[in-house]
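Subject: Structure for your review

Dear colleague,

Please find below the structure that I am handing over to you. A short account of the findings follows it.

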Amino acid sequence: MVLLWSTTILPGAKPPACDQLRNGCESATWSQLMPLYFAFGLMSLGSGGIRSSSLAFGAEQLDKGDGTKSKGALQSYFSWYYVFVSASSIVAVTCIVYIQDNLGWKVGFGVPAVIMLLSALSFFLASPFYVKSKANTSLLPGLTQVLVASFKNRRTKLPTQATEEMYHHGKGSMRLMPSENLRFLNKACMAKHPEQDLTPDGRASNPNSLCTVEQVEELKALIKVIPIWSTGIMIAVTISQSSFLVLQASSMDRHVTPNFEIPSGSFNIFAILTLTIWIGLYDRAVLPLASKIKGKPCQLSLKLRMGIGLLFSTASMTAWAIVEAARRSIAINEGISDDLRAVVQMSAMWQLPYLVLSGLAMAFNMIGQTEFYYTELPKSMSSIASTLSGAGLSAANLVASLIMNAVDDITKRGGNGGWIPSNINKGHYDYYYWLLTALSMANFLYYLACCKAYGPFKGRVGTAFDDKDGMEEEC
């Protein structure tokens, strides 16, 4: 953030100011772009470290000291974690955007830099109070070893009736035999010649030829969740269209009162508010009321929550396509389609259906995804579980770019202006949104197939859920 801030302060760190809509602008030089790219790279590394660890680290603070966590507390934690993440996003799209619009980039980037400094200081000052688990060895080499060992042992025949003695497992392991799904991976932990394959202390003499049952089961668990993980990419694609949201809002009447209008960059606050309000209602009103009616603790199943989120995402794109078609029609009828700065006589509040439905989609699907990974993967894979959602968002940004570029290239053929030109009034952004609607619906059907193939959700093996209040059932 400091480096990004410096690009607005140092003389010559950016091209001269210009009116991008009316005049040709001087392009940035390589020496001006390098600090900017380097700042983005550092921010990516930093956020990668934070986002991949903070969720799992926070969950560790709920440890009772005997290796167990309260199931109710864990579920509530996931929800409220996203409430506070959303609260920070609200500050970003309101206060920070307001500062940048009215006080310029020097102050606009300086404020986040100071906030990051205070955040780092508060983290380290609170460090003595944290529950800190000892770091384990990296999982990635172990998962790779399973693939290598299973390939090396591909000609080994698996016994029809296996015993515990046939497989290599770590000392004190609770799992002595591998599961029957993805059986070909079981060859990686099968000790054909124990006297040769194992050292005197019980370790594998060659980890690339013999792995433990735990390593095999970790890879199986990861492979098993990947199809459902992939269904979350499309919902993230629909949410990542924020630049189009700003473009659309800029061309509409954003006044709430005669003297106040909402900045176009702040409209995403409605999706974030919807997410935050629903989480509060779900955790503090919906579940307690449903449990009272049932007479015992209950909850919506993860499968149902994720599926509802995908349907809300599809509905949000439908609403957006309808609003954009109406906005474009008004711009043409008013004769202002050639003016990039023109504002149509249509309230930007018509974007609310898309934003509210998008917020509900995030509340149901993305939080459900995180809880799904965290409960379905083994405890040793907590960091990977908390990283999968972020990896899905990263993949979604790439997929969104591919879809947009493909649509732009295809629709421009034959000398046409294309669906998504720089002038929003000249294109057919509504067609683009309808395409995303169709892809979202296809993704929902794919999700149903993945759920059927996955089978029942089993919860974490060997963990850690304390249900003293009785069995919990689906509402």
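In this predicted model, helix 5 and helix 7 are in contact: Leu139, Gly142, Leu143, Gln145, Val146 and Leu147 of helix 5 meet Gln215, Val216, Glu218, Leu219 and Leu222 of helix 7. Sorted by class, the residues of this contact are seven nonpolar, three polar and one charged. Helix 5 covers residues 139-152 and helix 7 covers residues 213-239; their axes come within 9 Å and cross at roughly 95°. Helix 5 is therefore roughly perpendicular to helix 7.

A second pair of helices is arranged in another way. Helix 10 (residues 302-333) packs with helix 13 (residues 429-454) at an angle of about 165°, and their axes are 8 Å apart. Because of that angle, helix 10 is roughly antiparallel to helix 13. Their crossing is left-handed, and the contact between helix 10 and helix 13 has 17 nonpolar, seven polar and three charged residues.

As for the overall division of the protein chain, the domain assignment gives domain 1 (1-15 + 30-131), domain 2 (139-211) and domain 3 (217-459). The centres of domain 1 and domain 2, taken over C-alpha atoms, are separated by 42 Å.

One residue may also be of interest to you. Met34 lies in helix 2 (residues 30-51). Its relative accessibility is 37%, so Met34 counts as partly exposed. Between Met34 and Ala13 there are 9.8 Å in space, C-alpha to C-alpha, and the two are 21 residues apart in sequence.

With kind regards

Note on methods. Residues are numbered from 1 along each chain as its sequence is written. This is a predicted model: local features need pLDDT of at least 70, side-chain atom pairs count only at pLDDT 80 or more; totals for chains, interfaces and linings use all residues. Side-chain values use heavy atoms; hydrogens and water are left out. Axes are lines fitted to C-alpha atoms, for helices over the stretch in contact, and angles run from 0 to 180 degrees between N-to-C directions. Helices (H or I, at least four residues) and strands (E, at least two) are DSSP runs, numbered from the N terminus. Angles under 35 degrees count as roughly parallel, over 145 as roughly antiparallel, 65 to 115 as roughly perpendicular and the rest as oblique. A crossing is left-handed if the near helix is turned anticlockwise from the far one by less than a right angle, and right-handed if clockwise. Ala, Val, Leu, Ile, Met, Phe, Trp, Tyr, Cys and Pro count as nonpolar, Asp, Glu, Lys and Arg as charged, and the others, Gly among them, as polar. Domain bounds come from an automatic or database domain assignment. Buried means under 20% relative accessible area, exposed over 50%, partly exposed in between (1.4 Å probe, protein chains only). Contact means heavy atoms within 4.5 Å.
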